[in-house]
Amino acid sequence: MDTKQPPLKAHDAELSARQVITSRRSVRAFLRTPVRRETIEQVLELAARAPSGSNVQPWQVWVLTDAPLINLGLELQSLALAGSDDQKEQPQTHHVREPYRSRRRKVARDLYESLDITRDDTQGMLRQTSRNFIFFDAPVGLFFTIDRDLDSNRWLDYGMFLQNIMLAAKAYGLDTCAQQAFVKYEAVIARRLGLADSQKLVCGMALGYGDLTAAENTFVAERAPLQAFTQFVDTLY
């Protein structure tokens, strides 16, 4: 096993950590420009340097391009437009409790307003949501799986791995969108990819060159100020 650090490319050095982090965003419209396989591999190799408790490295990645990407995407989009549920979504706290409920509603409102989709335009919302399943026209679709018997601590590892992918992609001039929506059709995806029963779908991710002229890419999701989530401890009780 090669344990050497990957070499730093010249273009990597052109972006500071601050620039990479602050320029990363969820892109929901992509150009169809292909991404070289070598570039995809380099992004994933960098991402695999993510911290992992006891070096377990729980991630498995499935990369789709060309016909497999298009065919599976169209199948899933058709299911979404037909209102077909492969599995029911579990109730989620952020739907009903503050401050999470307001944050979720705000980003959804900003997205739909950028596309001139009104609150009563349910079909417009459905069409936009269904674009998740064709990876927003990205030339690369990634699926991530984890062994079902791994404990919740390994999901922490997985989050850092996914973040590394998004930041590494940005350093290579690529954009991404992490997509939990795919879990809704986990059984279909598992069947099409030939996943073992021991594998659980974590999420999907669109990867490619963002179409930054597209309306849905014109807004930036807000972040809470530092004071809303940080406490400096001066005294112990």
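Contact here means heavy atoms within 4.5 Å. With that in hand, let's start at R24. Leaving aside neighbours within four places in sequence, R24 is in contact with Q163, M166, L167, K170 and R223. This is a predicted model, in which local features need pLDDT of at least 70, side-chain atom pairs count only at pLDDT 80 or more, and totals for chains, interfaces and linings use all residues. Residues are numbered from 1 along each chain as its sequence is written, and side-chain values use heavy atoms, with hydrogens and water left out.

R24 sits in the loop between α1 (17-23) and α2 (37-47); helices (H or I, at least four residues) and strands (E, at least two) are DSSP runs, numbered from the N terminus. R24 is buried yet lacks a salt bridge, and D175, the nearest side chain of opposite charge, is 8.5 Å away. Buried means under 20% relative accessible area, exposed over 50%, and partly exposed in between (1.4 Å probe, protein chains only). A salt bridge is a side-chain nitrogen of Lys or Arg within 4 Å of a carboxyl oxygen of Asp or Glu, and for charge, Lys and Arg count as positive and Asp and Glu as negative, while His and the chain ends are not counted.

Next comes β3 (residues 175-179), where four of the five residues are buried.

N55, in the loop between α2 and β1 (60-64), has phi near 60°, a positive value in a residue other than glycine. D116, in the loop between α4 and α5 (122-130), also has a positive phi near 60°.
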